[in-house]
Amino acid sequence: MLYTFKGATEQALREVDEEKAIRKTGEIFLLFTLGSQFDHLIKLALDRLGVFCLVCDPASVTAEDVKQLNPKGIIISGGPVSVYEEPPPFDGKIFDLGIPVLGICLGFQLWAQHIGAQVRRGEKREFGTHSFSRMDSLCGASVRLFANCPKKMPVLESHGDVISNLGGITVLGETENAPVAAGRFQHLWGVQFHPEVTETMSGLQIFENFCFSICGAEDRFPAGSVAESKVGELREQVGDQKVLLALSGGSDSSTVAYLLKRALQGQKKQLHAVYIKGIDRPDDEACVMKYFGDQDWLTLEVVDATGQFLAALDGVANMRDKRLAMRLVYRRVLQAAAVRSGANFIAQGTLYTDISESGGGYASGAKKAQIKLHHNVNLGFTLPELTPLADCVKDTGRNIGRAVGVPEELLIRHPFPGPGLIVRIEGVVSETNLAIARQADSIFIEELRKWELYESIWQAGAVVTDSVATCTKGDDAVSGRVVALWAVWSVNGFTARWARLPYDFLDLVSRRITNEIRGVGGVVYRVSSKPPTTIEWG
Ligand code: XMP
């Protein structure tokens, strides 16, 4: 779990003072996380601005605690609940302290309800990118939140509730279905959209305006070398003991390998890596062998778990059950390899995104939804785990990889889910549909590379759906599975837009897939973005 401030104990206040001393500042901002999928992106945005942001638990931090911390400003994140149905835990007296607050989505609705405005279910919900227009009539201090932002701009929204019956709120801007997309009441500021995600234009500028113009912050702390501090922490944790690393050949576990290489000063006897084969991409093994197969700083073991995966997945059709079955095999294989190799720690490339979507993240009492259970979270190994990227998202993880010398070819590989091809097969996983998923992926990715589209696409995949299409092959009426292709543009995987691939490209890939893969009856292309659709199919 990442550090969360839970109350003004002597110990916690001492830690905060130490951090202020390191940063040579007396300024602090508080981030109350109400269970949003994006809460960590708010923290990363403030880190980028050089602002000291302390994550607080809304269930235990009171107005009295806040007074003791004396923050310059307070940010309240979004969350999965409705304020009128299941209000998140939060001490409303915090709003009465006179400290500037920026509420985001649920955070906005929370203070709006507190001051007497009405929050209710909107007739139309807003998921995805919408156009935000700032009110023309803004004047005085009210213009400050959107200074240096365009008057009209795309913003990402993900909400079903709207604020009506203003209760004194000055409306700062609107979107098509949210007449109060931004508002202000005295020192309380709010936006219904998410300035922390990349789809929102000028999001960082909004945080800049809030922290420096509205709250009057003055200090910026240089980010320093995050990679170096991670190497130092690993060195301290591991000492001269031994680590077993789960290595997939993707950018995250490769980055962890290189962090450990530095931390253990290349001591081969201290680092053993395991590559688990069976539900992987067609080119994963070759990639792992190329970069990690013959190195003088780690030993590598390939475990073919195809049989174990297929046995565990036999007859299991529901996606959540398949994820659970896969996790058990993954855990068993890693745990056994750790014991065999005499390791003291198990290391994984788990990202904050994986933890957050699995319902974890900052330890707080607010309700958080489980979007999907990731394979690498809360596995309950008997050995302590090392997850040095647990506070990173995809792009920040890649930057750390760059800083410690991970080869660029590994870093720019498309992300691939730990549960592998099983999340790209609807219904029961069998050898036949695993083969179809692999062949379709090969063709799709090969063509993306040939057309020089691979690097501009963040991630792409081919799904063997449960739908069957009637088709005619060689004048014969046959039927075959429908393969769904998807490709997205993204920065960190929290949000994504479907990629506008050229029709000629899609035409070629579709023809190759239906011609070359027996058992495929048709090809479709997915045109939905995240939110609401997640990047993977399952
Ligand atoms: P979603 O599908 O949740 O994916 O929008 C966000 C990113 O995470 C990858 N993904 C996973 N990665 N274990 C992982 O290690 C998982 O269970 C998992 N599910 C999705 C997905 O490929 C995308 O890059």
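In the predicted model, nine strands are arranged as an open sheet with mixed pairing, in the order E2-E1-E3-E4-E9-E8-E7-E5-E6. The edges are formed by strand E2 (53-56) and strand E6 (152-164), each of which pairs on one side only. From one strand to the next, the twist averages 20°. Within this sheet, strand E7 (residues 170-174) and strand E8 (residues 182-185) run antiparallel and are joined by three bridges. Threonine 170 has arginine 184 in E8 as its bridge partner.

The largest share, four residues, comes from E6. The volume of this pocket is about 730 Å³. It is lined by 29 residues, of which Gly79, Pro80, Phe127, Ser158 and His159 are the closest to its centre. By class, the lining of the second largest pocket comprises eleven nonpolar, twelve polar and six charged residues. Both domain 1 (10-214) and domain 2 (223-411) are represented in that lining, with at least three residues from each.

Two cavities of 30 Å³ or more are present in the structure. Helix H7 (251-263), strand E11 (271-277), helix H10 (319-341) and helix H11 (352-357) each provide at least two lining residues of the largest cavity. The lining of the largest cavity divides into 17 nonpolar, 19 polar and 13 charged residues. Because domain 2 (223-411) and domain 3 (430-525) both give residues to this lining, the largest cavity lies between them.

The second largest cavity has a volume of about 60 Å³. Its lining consists of Arg23, Thr25, Glu27, Phe29, Gly50, Val51, Phe52, Ala217, Asp219 and Phe221. Of the residues lining the second largest cavity, five are nonpolar, two polar and three charged.

Key
Residues are numbered from 1 along each chain as its sequence is written. This is a predicted model: local features need pLDDT of at least 70, side-chain atom pairs count only at pLDDT 80 or more; totals for chains, interfaces and linings use all residues. Side-chain values use heavy atoms; hydrogens and water are left out. Two strands pair if DSSP finds at least two bridges between them. Axes are lines fitted to C-alpha atoms, for helices over the stretch in contact, and angles run from 0 to 180 degrees between N-to-C directions. On a 1 Å grid over the protein atoms alone, a cavity is a set of points where a 1.4 Å probe fits but cannot get out, and a pocket is an open set with protein on both sides within 12 Å along at least five of seven lines; lining residues have an atom within 4 Å of a point. Grid points are joined across faces, edges and corners, and a volume is the space filled by probe spheres set on the points. Ala, Val, Leu, Ile, Met, Phe, Trp, Tyr, Cys and Pro count as nonpolar, Asp, Glu, Lys and Arg as charged, and the others, Gly among them, as polar. Domain bounds come from an automatic or database domain assignment.
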